[in-house]
Amino acid sequence: MTPRTYFLETFGCQMNVLDSELVDGQLRDMGLRPAATPEQADVVLFNTCSVRQHAEDKVMSRLGRLKRQKTRRPETVIGVIGCMAERQKEDLFVHVPHLDLICGPGEIHRLPALIERVWQHHDRVVALAGSQSRRTDVLQRGLIEDDLEALDLSRRPGQGGGGLQAYVRVQRGCDKFCTYCIVPLTRGPERSRPPDHVVTEARRLADSGFREITLLGQTVNSYLYGEDGRTVRFAQLLERVHDIESLDRIRFVTSFPADWDEDIFRVMRDCPRICPYLHIPAQSGSDRILKAMKRGYTVAEYLDLMDLARKYCPDIALAGDMIVGFCGETEDDFRATVELVRRVQYKSLFVFKYSPRPGTAADRNREDDVPYDVKVRRNNELLRVQSEVSLRHRRSLIGSTVQVLVEGFSKSARKLRSMEPSAAGSTQGSESSPRTAPTPPPATARQLVGRTPHDLIAVFDGDPSLIGAIAAVQVESASALTLFGRVQSVVSPSRSH
Ligand code: SF4
């Protein structure tokens, strides 16, 4: 009998990428094989994000396209998992009558049983950890946590990833309740994993060849775990992970400014394999807006923290997020945000147009009063400012040597390599170079891509045997997003060659 197949598409943040890796493992354990398209699959799952309306709209459009398939092949199981499932709950069945399965992010360990139930009983199934934990007692909630923990620990290294970089969860949920954010409602309260479990998982990944791990948490620096009458904070957890000597690089995302602990900077300064990179969203440069967002810090406090970061780690790369067009944001508030971006000199910045999320405090209590065209203008202006900052920063590295963990062929190279041999010469430019690039060198079919410890993307020509290695690359030119260079030497060869 031909094995059944699955198609899994992931939307949203790194937390969802990690959850999808775990789901992928469960589906393979069920004997299912991956399908290239949803049309070829017996099980189609969308791991969804609710942070912005746009992300939900995309999923609804994907689901709409599957209606004909469900009529033609009713045995296909169609499911929505993740934050959108938790937010919209059974309402999704009303909007998508051909949907079979709804599963929140806290219940993904139950997916194999849920899928079997649909197959055997032709039932619609719903598993929502959020609603369950609200109405069950602490003991039952503990059992759910144990199941999720077991799922993380059961991860087969290498599965769903490239074998170089992996995510390790240190924390679930969030209790900050920033007024615009849906996450506390979809992922529940903040719970930290036992430090031993985090270290065991990281060590297992390192032993099987992973060179870099990223510790994940919604507010990763808020990590706190009670152990033997003592509390383990994030700084101590980082040190314990750094003790795994076979790991070349350790990163962590996302940091929450109001919970910062100076000890983390000490550990970053003293532990050489912790990358000098900090993703620490400010969200706005206006105190008035920060207060309305309930972020718990002022602009001055945030700037002091950035100065402290540079005092401990002078070359630290800072990355941020900004929301433009939040309720009541005036032109002056926006100017203050532009000013903050110029002042901090982020390595990279993610800019989002505010979109109200049902159920959040901002949606209940504030008017979404910034017109859409104003949001678009502010969004574009902030991106322009950041692009100037990024270009200046990348160009300042020309002539220096950076260490690059080589991930594989660049997108341009992959495109060229998929062409006929006669056409696979060189082409002008690279998709990773924006229009602001000075004169990007032509991409070739040998172009490799990787990242520096500062999370900068670097491309250069090289032998495929470099994939998986750490190479010293001299930077010869730069665009706002990419460093272009030449390999000087191999610092540490690939572990798979
Ligand atoms: S800290 Fe704020 S923005 Fe981040 S996940 Fe928690 S509520 Fe959302």
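The shell around the ligand divides into eight nonpolar, two polar and two charged residues, where Ala, Val, Leu, Ile, Met, Phe, Trp, Tyr, Cys and Pro count as nonpolar, Asp, Glu, Lys and Arg as charged, and the others, Gly among them, as polar. This is a predicted model, in which local features need pLDDT of at least 70 and side-chain atom pairs count only at pLDDT 80 or more, while totals for chains, interfaces and linings use all residues. Residues are numbered from 1 along each chain as its sequence is written, and side-chain values use heavy atoms, with hydrogens and water left out.

**Ligand shell**
- Among the residues that surround the ligand are Cys174, Lys176, Phe177, Gln218, Thr219 and Arg295, a residue being near a molecule if one of its heavy atoms lies within 4 Å of it.

**Confidence**
- The protein averages a pLDDT of 91, on the predictor's confidence scale from 0 to 100 for each residue, and 91% of the residues score at least 70.
- Residues 132-139 stay under 50 in pLDDT, and the model gives them six contacts beyond four places in sequence, contact meaning heavy atoms within 4.5 Å.

**Arginine 193**
- Arginine 193 is buried, with a relative accessible area of 3%, where buried means under 20%, exposed over 50% and partly exposed in between (1.4 Å probe, protein chains only).
- Leaving aside neighbours within four places in sequence, the contacts of arginine 193 include Glu149, Asp152, Glu201 and Tyr225.

**Nonpolar core**
- Leu215, Val241, Phe252 and Tyr346 touch the most other members of the largest nonpolar core, which has 57 residues; such a core is a set of buried Ala, Val, Leu, Ile, Met, Phe, Trp, Tyr and Cys residues joined through side-chain atoms within 4.5 Å.
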